[in-house]
Structure formats: structure tokens, C-alpha cells
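Morning, everyone. Please look at the model on the screen while I go through a few of its residues.

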Amino acid sequence: MNIASRIKSLRNDHHLTQKELAKLLNVKPTTISGWELGRNEPSIETLKKLSSLFNVSTEYLIGSETSSPNTIDLKTTDVLSYDGKPVSPEDLAIIRAILEKNK
């Protein structure tokens with residue numbers, strides 16, 4: 001996956017329009033469109049902003065990593081914390097049930 005498809009995918013995953021993302025990054029919507037079409041690429045500073053906004057590494061954005069290290073699959077993990085404290089197995093089961101119900 002290249003940078004263009006990663007930006008578009010992350011934008012869609014976060015339910016943002018190109019216009020909304022442009023506003024968050026202080027760029028024009030046509031700039032976002034250009035990135036997603038592969039016509040141009042964001043600057044290093046903008047990559048850092050995208051990385052922070054989407055909670056992924058810059059390496060993930062540029063395609064050096066195949067999966068986002070900041071993503072946790074709640075279906076397969078048994079360890080989760082909130083505010084630095086472990087989530088109990090019972091609470092994790094409730095969270096999973098809620099997510100399954102809302103698919």
C-alpha cells in the first residue's frame with residue numbers, strides 16, 4: 001500500500017471528508033485530493049501532523065511498515081489498559097460484546 005492509499009484509507013476510517021481533513025491540516029481540499037490520487041505527497045511536517053492525527057507512525061504512512069503498530073485488535077488481545085490501569089477480563093468481555101452488537 002502506498003502513501004496515497006494509506007492517507008485515503010485513514011481519512012475514511014476516521015470518517016473525515018477531504019474538506020474536513022484539509023481544515024485540520026490547514027491545507028486546501030485540492031491538496032488532500034492530490035495526495036490521495038498520488039499526484040503529489042505531503043511535506044515532512046505534514047506527515048508528522050498526519051501521523052499524530054491518525055495515531056500511526058510516519059513509517060506506516062510512507063509504506064515502510066505493513067501494519068500500524070498503534071492498532072490493537074480487541075478480538076484477539078487479552079491485555080488492555082485504560083488510564084494506565086489494566087482492564088479486567090470481565091470489562092473486556094463487555095467491551096467486546098458491545099462492539100460485536102454494533103457491527
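His-15 has a relative accessibility of 70%, so it counts as exposed; exposed means over 50% relative accessible area, buried under 20%, and partly exposed in between, with a 1.4 Å probe and protein chains only. His-15 sits in the loop between H1 and H2. Helices here are DSSP runs of H or I with at least four residues, strands are runs of E with at least two, and both are numbered from the N terminus. His-15 is not a glycine, yet its phi is positive, about 55 degrees.

This is a predicted model, in which local features need pLDDT of at least 70 and side-chain atom pairs count only at pLDDT 80 or more, while totals for chains, interfaces and linings use all residues. Residues are numbered from 1 along each chain as its sequence is written, and side-chain values use heavy atoms, with hydrogens and water left out.

Asn-26 is in the loop between H2 and H3. Asn-26 also is not a glycine and has a positive phi, about 60 degrees. Its relative accessibility is 71%, so Asn-26 counts as exposed. Just after H4, Asn-55 has a positive phi of about 55 degrees.

Now Arg-11, in helix H1, residues 3-13. Is Arg-11 buried or exposed? At 8% relative accessibility, it counts as buried. Its side chain makes a polar contact with the side chain of Glu-36, at 2.5 Å. A polar contact is a pair of N or O atoms within 3.5 Å; within protein, one must be able to donate a hydrogen and the other to accept it, and residues adjacent in sequence count only if both atoms are side-chain atoms.

Next, helix H4, residues 44-54, whose buried residues are Thr-46, Leu-47, Leu-50, Ser-51 and Phe-54. Seen down the helix axis, these fall within an arc of 145 degrees, so they line one face of H4; the arc is taken from the directions from the axis to the C-beta atoms. Glu-45 and Ser-52, on the other side of H4, are exposed.

The largest nonpolar core has 15 residues, of which Leu-21, Leu-50 and Phe-54 touch the most other members. Such a core is a set of buried Ala, Val, Leu, Ile, Met, Phe, Trp, Tyr and Cys residues joined through side-chain atoms within 4.5 Å. H1, H2, H3, H4 and H5 each give two or more residues to this core.

Last, confidence: the chain averages a pLDDT of 86, on the predictor's scale from 0 to 100 for each residue.
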